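Please read them with the coordinates open.

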Amino acid sequence: MKRTMTFIAAAFVIAAQLSAQEITVSSFRHAGPYPVAKPYAVDTVDIAGKAYDASGILDRSMSFESLKGAAIVDALPECGTDAIHLLGFSTQNTLFTKATVKLSGLRDYRIYMDGKKIGSEVKMEPGTHDFVVKYLSAADTSAVRDTFKITVTPDREGKIVLREDGRHIYDLDYNTIGVQCGGTSLSPGGRYMTVTHSIVKPDGKGDSYTEILNTADASFVARSASRVEWMPAGDRIWYTRQEVDGRTLICRDPKEGQETVLARNIPEGYFTIAPTEDFLIYHMTQEGPKEGEVHQVLTPDDRQPGWRDRSYLAKYDLASGVLQPLTFGWHNSWLADISADGKHMLFSTERARLTKRPTSLRSVYQMDLATLETECIIEDDGFIGSVSYSPDGKRIAVTGGPESFGGIGKDVKEGQIPNQYDGQMFVMDIATKKVDPVTKRFAPSVQNASWSRADGKIYFIAEDKDCKHLFRMDPDSGKTEMMDCGEDNISSFDISDKTNDLIFRGQSLCNGDRAYVMDVKKGKRRLLYDFSAERLDGVDLGEGLPYEFTSSRGDLINAFYVLPPDFDASRKYPLLVHYYGGCSPTARYCIGSYSPQVYAAQGYIFLVVNPSGAAGFGQEFAARHVNTAGDVVADDIIEATKRFCEDHPYVDSKHIGCFSASYGGFMTQLLLSKTDIYTTGISHAGISDHTSYWGEGYWGYSYSEISMADSYPWTRKDLYVDRSPLYNADKIHTPLLFLHGSADTNVPIGESIQMFTALKLLGQETAFVVVDGENHGIREFEKRRQWLRTIFAWFSKYLQEDDTWWNELYPEKNL
């Protein structure tokens, strides 16, 4: 983190003089003196021809950690020797601020803000800023002690305060720099577990390492610079190593460290180790036909890089070294699962059918790996997702949309088409082909599932309103229960094949990642690592609260909100309204691109609404996303905004912003064409014209067969044209910012270009910021931080009535 020191609470008294905006710092933390001596002079000058200057030592690297818990002083301490001293104080601002820092009474000193050397003029992004004065005292400092003074003068009165308790507010650095949980796993035998630490450094460079721990007591076993892969039948790890004679497959015991070579000179490529550990299934690739710079496009998907390449499967016997092709042809084949006894595998193929929904059809096959005899067990189903074996290999668990298996899992009103993003789970008996839609009446949306070989239960994560919870299902009775994980947003889990242990990670509104291990039989969990405690130590976070209301249509609409950390109900606060960017509900989390906490720290109330069409609220609710082109969704968001303002008198209803990305970017545009209650809006990578997105985006037509099921531009002008923001641009009278990555292949940048052009021609207030080289999401570290700054600055301009930051980022140009 940029925080090179933390001032412990209790502290020091600071007098602030606000006359002429000037703030005088009168008390400091002091560390030192650290005596320094003149070095032995081998020569009279250095290689640059300069004589020795004692103040040069101030430019040497020095840790500021000694300021933690340092004594409080209100004047320069007396010192009878040449020495280095450190003085520390902190300021805080929730708006971008330019300030002048002045110091008098010292001759040799350097000033640092958040660990970086500064001059007298500073630019302060919202946050708590730690200042350090590093100075060099002479044998006699009495001449300057009485004249020493530090002042901080902001560009506007009241924008900066001195913070004396040693804590910080959540800012851009806390949101983008630090350590998170990069993954967790359990060895199949249950003896060991892993926790991966992923680190983002202040320069944006990443690093990671994985710790292997004993499951019983979480004691340390080993550390790996890379992720750990487990052998499928026990407690050993495996990896490959390039040697003189080729690629070698190796396994070892994590504790003893003894290596065992499983095979030498194995083929290159990605593979899966069989549960019996005696063969590998290779995922092979055959390159498709190449053409030059002038080339034919065979199908809409042929625009995607690598689409012409085809995958097939092969079995590599570790004993003989024979690589046996298992599938052949010009259709892709993908491995789904291998049975626990290693005798069979499941794989899938796919074929296109562009003239009818669904336009892509999947078939699932079971192959006898000894004879290669193959049986199709699911044929031409365009709605299924993952497929996996039961522990005994007699059944399979299938995830997919409600229309899978001919719609046996549908639970919608007559005439409704289900939302395929509302995930369901099915259990099929392989012998009889009987399918049980086990989650048909289960409202949460199934994400990923694992059938436990230890207890025979199916564990899965599901979107559950504004949370992501972990569930356990008995596939025989259909009984489902939520596991008590203690977090709102579970991102991943892993289970042991032989014990009752389960490991998972998650976060909530007021904490970052935490990793736990759970005894699923007893239902008890143990905290392994609190990544949040390290990353957010000493940080003030806003309170997160639920909000629900009954809409005018009689629906219970779910929302949650986060208050500023220094919330005062007697004040008025601007409101930010956020909503889902696709069909998945916006879940509760702390650290991320749209972190509620980073906005709350800047003085906003952050409201998240999960309107009609979101998955995780039951199939009927999710189906409202289909063939509405956002109309019902927008009505829910508008009503939620109005009702929230009515129910919370501390909201400044004259300063409300709305924003989101992708489908949510489209929603911002649509909202502003339907109402003037929002002061401003931001659309990132938003769809402005359903017809152009349908045809141009890599997944435009395939996504539209979900959101506009059986509807096309030539059959439903009311959806594709009448409800496209572009054709309602003249109804927008609210300042609107467009953000877009120039390399976006999902929602092409033209969607923002054409809407921006329309508003410009209409004379409306708008702006357009392009992030060069980025796709649908902004991933590159500095670009992502600048993208976030752009969002912060735009809202500051219109909701805080302070355009300082926006003008700093995008100054006026005479063009």
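1. Contact here means heavy atoms within 4.5 Å. On that basis, and not counting residues up to four places away in sequence, Tyr678 touches Val577, Ile637, Ile638, Thr641, Ile656, Gly657, Cys658, Leu671, Leu672 and Thr734.

2. This is a predicted model, in which local features need pLDDT of at least 70 and side-chain atom pairs count only at pLDDT 80 or more, while totals for chains, interfaces and linings use all residues. Residues are numbered from 1 along each chain as its sequence is written, and side-chain values use heavy atoms, with hydrogens and water left out.

3. A nonpolar core is a set of buried Ala, Val, Leu, Ile, Met, Phe, Trp, Tyr and Cys residues joined through side-chain atoms within 4.5 Å, where buried means under 20% relative accessible area (1.4 Å probe, protein chains only). The largest such core has 48 residues, and Tyr678 is among those with the most contacts inside it, together with Leu575, Val577, Ile605, Ile637, Met667 and Leu671. Helix α7 (residues 631-647) supplies the largest share of this core, seven residues; helices (H or I, at least four residues) and strands (E, at least two) are DSSP runs, numbered from the N terminus. A second, separate core of 43 residues includes Ile169, Leu536, Val539 and Ala661.

4. Strands pair if DSSP finds at least two bridges between them. Strand β2 (residues 28-35) runs antiparallel to β3 (residues 71-73), joined by three bridges, with Arg29 opposite Ile72. Five bridges join β2 to β4 (residues 83-93), also antiparallel, and His30 has Leu87 as its bridge partner there.

5. Thr299 lies in the loop between β22 (279-286) and β23 (310-317). Thr299 is buried, at a relative accessible area of 16%, and touches Trp307 and Leu354, again not counting residues up to four places away in sequence.

Terms used
Buried < 20%, exposed > 50% of the residue type's maximum accessible area, 1.4 Å probe, protein only.
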